[in-house]
Number of protein chains: 2
Amino acid sequence: MAQQHLDPPTDPTAGPSRKLSASLDQGGTPLGDALAEYLRAQATEFLRSLRQHRETGGTSNGSAESVDAARALRRSARRISGSLHTFRPLLDPDWSEGMRPELAWLSGTLAREHAYAARLERLLGALNRLSGSSALPAQSAAKPVGQSAASASAVGGRSAGAEPGTPGPRAQPAGNLTVGAAKAGALLDRQLTLARTRAHSAALQALGSSRFHAVADSVAVLASEVPLTPAATATDLRPMAAAAEDRLTDAIAALPLVTAGHPYNAEALVHGLSADTAPQPQDAPWHQVRLLLRLHRYAREVLYGEDCPADVRLLAAGQALNRHRDAAEAASAAASAARTPRIAPATAYALGVLHADQRHEVEAARFAFQRAWQLEVVRTP
Amino acid sequence: MAQQHLDPPTDPTAGPSRKLSASLDQGGTPLGDALAEYLRAQATEFLRSLRQHRETGGTSNGSAESVDAARALRRSARRISGSLHTFRPLLDPDWSEGMRPELAWLSGTLAREHAYAARLERLLGALNRLSGSSALPAQSAAKPVGQSAASASAVGGRSAGAEPGTPGPRAQPAGNLTVGAAKAGALLDRQLTLARTRAHSAALQALGSSRFHAVADSVAVLASEVPLTPAATATDLRPMAAAAEDRLTDAIAALPLVTAGHPYNAEALVHGLSADTAPQPQDAPWHQVRLLLRLHRYAREVLYGEDCPADVRLLAAGQALNRHRDAAEAASAAASAARTPRIAPATAYALGVLHADQRHEVEAARFAFQRAWQLEVVRTP
């Protein structure tokens, strides 16, 4: 079963990637050299995006190029870290054990600003949908840091008719709910924009720190000289990649996929009002599968190159798990905003609807994952 | 297409129901006599349940027998009214046009008390589920009228730990949400129990009114003498039953079934926070199909008898539409409770979660209807 996904593409017209041929032995077995080549390529990409990030003004201007550069930086940091983990028997242990937490710190720090922006975008989009698409202005999560687009006055555009005394006896309370959506949007905008601004400062500080320069130096070394163990060059990489896949399939086997495959099972909202403030424990195994799926994908890239035909099943499953994570965090942000002291009941009501909406997105993502995973393996040629 | 559902059961071992044989001509065509027989049987059932209702103490004690009798009374009232509508060309027009609104008034009045009790049961059940099944006591919607089981002190059993000053800095707001669920339950219990008590009084008053006695007298006449038009006895009933089925299939064809068949389409919660207090306009076509499905079922009963093998597809579709109606009304009750002045934000939040939960039940019911309706016609033997 595990071996199935590790077989190279069998399409005879595709031919082996030029990039890879040097790292395969006569029988086509991927050896340690393929790992060295992959790590060098990722390290080079890391340094390239770091240079681009600095040239485009760094994180201080928030331009599209700068955002792309930060994303590429995180992307290569994740791949280096993941490969060090999967293939750790082949690498100098002190060096690789020291490097992984530093890469995790860096990509985590850089990811946070983007995550808050995306979360706000998701929540304001949902509020718009729930309000019939016209009560709130199109949100602008891509706005430069420090500006609050959905200010209370802007999002309250429809609330004028609900001012006390103006409307009929039924329009008043109705209007209150819509005002609730607008106020909820303004509250989330304020809280998540503040969090984003703080994450931005933290990222700026991190990129100027000596800790960051030490990481960058290590990656620069990696770009020229991968610290493989003496035996690594002639070692078959497939057993380690297969072990990564086994960890993934074991974790997936432990997921409640039968429930997830039954539409509208109402599982994701169970405990939606429980006393626990911690992230929903039911989400954790899914988040874990998301990370293991990623490690499995990177291992495939090491063996067959980044140009290796994509496994559409892995892609679809990964997208479902990203959506699962995003919706779970958005639901949590809505619940957290509802705990703000002295908010109006209408605001709290809108946040409750929003929370439940995002928890249903969580459930929908699990359903989508289950569907994707049950598909036969199909590879694009 | 329409004719398909009106064909009698073809299972050769089943044989025609004895009850019906008198109303079929030599070729097995159901004629006007079948309608008269059906109306007489329903009128007799109406009078029997009315007698039982009085003997079991009427609506004043709320015993199981009394509830069953009221249900049987409504059941026959709906069947008489529906048949008068579908087969109106065969009946004295003045009499039948005068009788239908009176039957609708009666069954509507009797249905209300039960509807409020069922709605409260559904909402408290959902709150229990959302609170992790232990924050609220098992609700008791079957309790005698006038007693509020889930009083604030009873449902707040878990709230002691969240009293100001007692818990740690994070336990406090978390506890508030659970207190919100308990308070939301108590609020709904208060509002729906009050509504139920009023409905109960209205039903009592209706059963003692001269208007009711006039309806009962009309039904008593019907039990012995159905006012058919002179030509009715020899008239084939099938074209009128087919017209009822056509109205159903036309209304179903106008439903957004493609969307409904796509799980997690998030349609039911669109406008969940819009300014409109009226019942969701998107629900109306589904409610209409529910009524037309019922009329179609009754027409089949007229043609083939109540003992006619059930069409499992019709049963499943009808159950889905009942669930759709119940969830829509429960969602509306939660939204309405959230408009109560001076409620705590935590209460409003819980009501928002509850509203969204029930709107997702609406969506799930549409999905179930779509599934049931797409099934091939299968009849139990």
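First, a word on the helix labels: helices (H or I, at least four residues) and strands (E, at least two) are DSSP runs, numbered from the N terminus. This is a predicted model, in which local features need pLDDT of at least 70 and side-chain atom pairs count only at pLDDT 80 or more, while totals for chains, interfaces and linings use all residues. Residues are numbered from 1 along each chain as its sequence is written, chains are lettered from A and ligands numbered from 1 in the order in which they are written, and side-chain values use heavy atoms, with hydrogens and water left out.

**Stop 1: chain A on its own**

Color chain A by secondary structure. You'll get 13 helices and zero strands. Of its 381 residues, 50% are buried (buried means under 20% relative accessible area, exposed over 50%, partly exposed in between, with a 1.4 Å probe and protein chains only). Now think about contacts, meaning heavy atoms within 4.5 Å: among those in chain A with a separation of 6 or more, 81% are between residues 24 or more positions apart.

**Stop 2**

Select A216(A), which sits in helix 8 (residues 210-224) of chain A. A216(A) is buried at a relative accessible area of 10%. Which residues does A216(A) touch, leaving out those up to four places away in sequence? Show F46(A), L47(A) and L50(A). Draw a distance between the C-alpha atoms of A216(A) and F46(A): they are separated by 8.6 Å, yet 170 residues apart along the chain.

Next, jump to Q370(A), in helix 13 (residues 345-374) of chain A. Q370(A) is buried too, with a relative accessible area of 12%. Not counting residues up to four places away in sequence, Q370(A) touches L257(A), A260(A) and G261(A).

**Stop 3: salt bridges**

Side chains of opposite charge can pair when their charged atoms come close. The rule here takes a side-chain nitrogen of Lys or Arg within 4 Å of a carboxyl oxygen of Asp or Glu, and the structure holds 24 such salt bridges over all chains.

Pick R211(A) and E102(A), a salt bridge with its closest N and O atoms 2.8 Å apart. This pair links distant parts of the chain, R211(A) being in helix 8 of chain A and E102(A) in helix 5 (residues 93-130) of chain A, 109 residues apart. R211(A) is partly exposed at 37%, and E102(A) is partly exposed at 23% relative accessibility.

Now show D283(A) and R359(A), a salt bridge with the closest N and O atoms 2.9 Å apart. D283(A) lies in the loop between helix 10 and helix 11 of chain A and R359(A) in helix 13 of chain A, so the pair ties together parts 76 residues apart in sequence. D283(A) is buried at 4%, and R359(A) is buried at 1%.

**Stop 4: bring in chain B**

Display both chains. Superposed by least squares on the C-alpha atoms of residues with pLDDT of at least 70 in both, chain B can be laid on chain A with an RMSD of 0.0 Å by a turn of 180° and a shift of 0.0 Å along the axis. The two copies are thus related as by a two-fold rotation axis.

Select the interface: 44 residues of chain B are in contact with 45 residues of chain A. Chain B and chain A bury about 3,800 Å² between them, 69% of it on carbon and sulfur atoms (buried area is the accessible area, 1.4 Å probe, that two parts lose on being put together, summed over both). Highlight Y264(B), L273(B) and Y349(B), which supply 25% of the area that chain B buries against chain A, more than any other three residues. Look for salt bridges across this interface and the rule finds zero.

**Last stop: a loop residue**

Zoom in on Y264(B), in the loop between helix 10 (257-260) and helix 11 (284-304) of chain B. Its phi is near 60°, a positive value in a residue other than glycine. Y264(B) is buried, with a relative accessible area of 11%.
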